[in-house]
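Please look through the sequence and the 3D structure shown here before reading on. The report is arranged by topic.

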Amino acid sequence: MENFTYFNPTRIHFGRGQIAALDGELPAQARVLLLAGGGSIRTNGVHAQVRRALGARTVFEFFGVEANPDFDTLMKAVEIVRRERVDWILPVGGGSVIDGAKFVAAAAPYEGDPWEILLTRGSKLKSALPIGAVLTLPGTGSEANGASVISRRAIVQKLAFISPLVFPRFSVLDPEATFTLPERQIANGVADAFTHVMEQYLTYPVNAAIQDRFAESVMGVLIDEGPRSVKNPTDYDARANVVWATTWALNGAIGVGVPQDWASHMIGHELTALHGIDHARTLAVVLPSLLQVRRAAKGAKLAQYAERVWGVSTGSLDSRIDAAIANTRGFYEKLGLRTHLSDYKVGPDVASEVAGRFRARGFVKFGERGEVTPEIAEQILRLAA
Ligand code: NZQ
Ligand code: ZN
């Protein structure tokens, strides 16, 4: 494996009642911006628990961060931060709210047009306000990583930035805060996390035994506990395992020192920008098709995956790879995610449209060996029709 520096500064408070830990994490004099989505935290009691833990601190609230958080919405929160001299950002929600908080934390002190943060993918950031997160939807891993994905509907774009400055300082993971998730959202979370593991694992072997075995076990937990947790939303044990698995899927640990292939996410973000499809559902469409198109380059790892994750160890290499891809598609479908573009009423022409958007942006070489070109992306989407 390659040399690496492993870095993850997020303290995790995991388990029932842990929202109370906010009191010990935030300075008594903190001026806090509580950031939230459309209101689920008001109806499930999470907001009340957070306010109780915050006690007499000065708290401003900003509700209305939408799924696939929007630049224009978040800029209104940036105004509050600047005007009220807020010095801590407290997202209470899913990946969208936490990603939104990362943008607000970086944009508030940013000199210049904050959209540049996305265009330069975070590379020019010099500072960001501290963030502490309360997670209500497991899946993205945003609670313990330095990534953020921001949409800008006005110009039909969805772009990501990454910076060590926006790792949450701490995150609260109380599985009970996720019990009210609708089936669609928890299924999305499991599928998203499973794909995160695949994109760090399913490339080519580099003798990274810890990362491989760890990735395989995270997938195993998602396969065992994910569907159970979707069907039994208040089963604490199943949900607790799902929450912890999704965090480890994208907190950096399994991705160190190994080649990675984020092509499914890049193609998926285009489908969300163009057609508003839920993030995880775009991945369920793209990944099985990507594995098919890239099966020669990924053959060794596909065989390892077939054997260790799905128990398929006999037959020709081709048949084992077929089984690995079929099991992957089957897992998404078992969770309730459809895996073809037509299921989302998107026609095959999107393939050339997405390829054109990549070319226009200069995204012409991605995947673990830079072999996924706009032409290959087009092929992947045509196969996903
Ligand atoms: O807005 P509210 O009312 O809170 O409702 C939300 C929202 O409608 C609801 N919800 C959340 N917690 C709930 C709940 N409903 C009932 N009970 C609860 N406990 O769920 C809906 C979806 O929430 P959202 O945050 O959008 O979902 P998710 O966590 O899947 O986040 C998706 C976003 O994260 C980005 C995606 O691109 C997308 O924009 N990602 C971020 C990553 C990262 N930072 O590392 C990596 C991922 O690959 C992903 O790209
Ligand atoms: Zn994702």
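The sections below cover the ligand and its surroundings, the backbone, the aromatic rings and a set of individual residues.

## Basis of the values

This is a predicted model, in which local features need pLDDT of at least 70 and side-chain atom pairs count only at pLDDT 80 or more, while totals for chains, interfaces and linings use all residues. Residues are numbered from 1 along each chain as its sequence is written, chains are lettered from A and ligands numbered from 1 in the order in which they are written, and side-chain values use heavy atoms, with hydrogens and water left out.

## The shell around ligand 1

Ligand 1 is surrounded by 32 residues; a residue is near a molecule if one of its heavy atoms lies within 4 Å of it. The closest are G38, S40, S96, H196 and H265. Sorted by kind, the shell holds nine nonpolar, 20 polar and three charged residues. In this sorting, Ala, Val, Leu, Ile, Met, Phe, Trp, Tyr, Cys and Pro count as nonpolar, Asp, Glu, Lys and Arg as charged, and the others, Gly among them, as polar. Domain 1 (11-177) and domain 2 (182-383) each give at least three residues to the shell; the domain bounds come from an automatic or database domain assignment.

One in N68 lies 3.1 Å from an oxygen atom of ligand 1. One in T136 lies 2.8 Å from a nitrogen atom of ligand 1, and one in H265 lies 2.7 Å from an oxygen atom of ligand 1. Taken alone, ligand 1 exposes 960 Å², of which the protein buries 88%. Accessible areas come from the Shrake-Rupley method with a 1.4 Å probe, and for residues only the protein chains shown count as cover. The elements that give two or more residues to the shell are α5 (95-107), β6 (147-152), α7 (183-201) and α10 (263-275). Helices (H or I, at least four residues) and strands (E, at least two) are DSSP runs, numbered from the N terminus.

## Two positive phi angles

Most residues other than glycine have a negative phi. R85 has a positive phi, near 50 degrees, and sits in the loop between α4 (71-84) and β4 (88-93). K345, which is not a glycine, also has a positive phi, of about 60 degrees. The place of K345 is in the loop between α13 (317-335) and α14 (350-361).

Are these two residues buried or exposed? R85 counts as exposed because its relative accessible area is 58%, and K345 counts as exposed because its value is 78%. Here buried means under 20% relative accessible area, exposed over 50%, and partly exposed in between (1.4 Å probe, protein chains only).

## Aromatic rings

How many aromatic pairs are there? The count comes to 14. Rings of Phe, Tyr and Trp (its six-membered ring) pair if their centres lie within 6.5 Å; planes under 30 degrees apart count as stacked, over 60 as edge-to-face and the rest as tilted.

Y305 and W310 form an edge-to-face pair, with 6.4 Å from centre to centre and 85 degrees between the planes. Y305 is buried because its relative accessible area is 0%. Y305 and W310 also belong to one aromatic cluster, together with F194, Y201, F331 and Y332.

## Residues in helices

D212 is found in helix α8 (residues 209-231). D212 is buried, at 11% relative accessible area, and its side chain makes a polar contact of 3.1 Å with the side chain of K301. A polar contact is a pair of N or O atoms within 3.5 Å; within protein, one must be able to donate a hydrogen and the other to accept it, and residues adjacent in sequence count only if both atoms are side-chain atoms. D318 lies in helix α13 and is partly exposed, at 48%. D318 and G299 are 19 residues apart in sequence, and their C-alpha atoms are 8.7 Å apart in space.

T246 is buried, with a relative accessible area of 0%, and R239 counts as buried at 0%. R239 and P138 are 101 residues apart in sequence and 9.1 Å apart in space, C-alpha to C-alpha. F103, in helix α5, is buried at 0% relative accessibility. The C-alpha atoms of F103 and A326 are separated by 38 Å, and the two residues are 223 residues apart along the chain.
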